[in-house]
Amino acid sequence: MSESKYKRVLLKLSGEALAGEQKTGIDPVTVASICTEIGKVLDMGVEMALVIGGGNIFRGLSGSAKGMERSSADYMGMLATVLNALAVQDMLEKQGHPTRVLSAITMQEVCETYIRRRALRHMEKGRVVICAAGTGNPYFTTDTTAALRGMELQCDAIIKATKVDGVYDKDPAQFPDAVKYDTVSYDETLSKRLGVMDSTAIALVRDNHVPIIVCKMMGGDIQRALRGEPVGTLVCDK
């Protein structure tokens, strides 16, 4: 078992990560690969909570932009995150990792209702807590949910797992001269609009001094980052 610098972390995944090459929906092969990476982190003895977006199924903000009332669109997006949470739960359980899905919207036949103290007890018992349905309120993104749950559950760090290996000053897929940050402050992230998380989420973690690690989902980068190796980008007080 490798030693982790962090005892408890929250992992933020985009819904699109579950879709794989098909871009929409849930790809079981991709979900299995992601859960294998999560399993390697759990084998380090780390307690983990997950927040997963719903953009592979429905994105509330884009629904609103096309004429749908914003609150209704956001609630649909929250329900999409529940579908993703159940898919990840199923695969993690198949790989031998006990989990609990806790939803901010009550749906007792499907999963447990999110209660902070209950979530903490699950994590203390070695279960992966998958937080679904956002905050339960419209106008809040899953980025904000990740920041909020990370602080509520007393996580030592928030990991944002992406397709790229960190935070750049511009899109590295479009600009070959894009420069990667090894470390960046919360205020720089906001002022330069680096797109790590939305401004509400960054403001929350800044005020509570919770570091964000941005790194690749696949390839073992999360494990290396948790061991304190110079991987990805660290967003913190500078």
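In this briefing a residue is called buried when its relative accessible area is under 20%, exposed when it is over 50%, and partly exposed in between, using a 1.4 Å probe and protein chains only. The structure is a predicted model, in which local features need pLDDT of at least 70 and side-chain atom pairs count only at pLDDT 80 or more, while totals for chains, interfaces and linings use all residues. Residues are numbered from 1 along each chain as its sequence is written, and side-chain values use heavy atoms, with hydrogens and water left out.

**Overall fold**

- The protein contains eight helices and eleven strands, where helices (H or I, at least four residues) and strands (E, at least two) are DSSP runs numbered from the N terminus.
- Its radius of gyration, taken over C-alpha atoms, is 17 Å, close to the 18 Å that the globule rule (2.2 Å times the number of residues to the power 0.38) gives for 238 residues, so the protein is as compact as a globular protein of that length.
- The C-alpha trace spans about 50 × 50 × 35 Å along its principal axes, and buried residues account for 51% of the 238 residues.
- With contact meaning heavy atoms within 4.5 Å, 72% of the contacts between residues at least 6 apart in sequence join residues at least 24 apart.
- The accessible surface, calculated by the Shrake-Rupley method with a 1.4 Å probe, comes to about 11100 Å², and carbon and sulfur atoms contribute 52% of that surface.

**Cysteines**

- The structure holds zero disulfides, a disulfide being a pair of cysteine sulfur atoms within 2.5 Å.
- Cys35 is too far from any partner for a bond, because the closest cysteine sulfur, in Cys131, is 15 Å from its own; Cys35 is also buried, with a relative accessible area of 0%.
- Cys236 is likewise in no disulfide, the nearest cysteine sulfur being that of Cys215, 15 Å away, and Cys236 counts as buried at 13% relative accessibility.

**Aromatic rings**

- There are zero aromatic pairs in the structure, a pair requiring rings of Phe, Tyr or Trp (its six-membered ring) whose centres lie within 6.5 Å, with planes under 30 degrees apart counted as stacked, over 60 as edge-to-face and the rest as tilted.
- Arg149 lies over the face of Tyr114, at 3.7 Å from the ring centre; a charge is taken to sit over a ring if NZ of Lys or CZ of Arg is within 6 Å of the ring centre and within 35 degrees of the ring normal.

**Two buried helix residues**

- Thr144, found in helix α5 (residues 142–152), is buried at 5% relative accessibility and, not counting residues up to four places away in sequence, touches Asp198, Thr200, Ala201 and Leu204.
- The C-alpha atom of Thr144 is separated by 15 Å from that of Ser103, a residue 41 places away along the chain.
- Asp221 lies in helix α8 (residues 221–226) and is buried at 11% relative accessibility; leaving aside neighbours within four places in sequence, Asp221 is in contact with Cys215, Lys216 and Val231.

- Most residues other than glycine have a negative phi.
- Tyr139, in the loop between β5 (128–132) and α5, has a positive phi near 75 degrees and is partly exposed, at 49% relative accessibility.
- Gln154, in the loop between α5 and β6 (157–162), has a positive phi of about 55 degrees although it is not a glycine, and counts as partly exposed at 46% relative accessibility.
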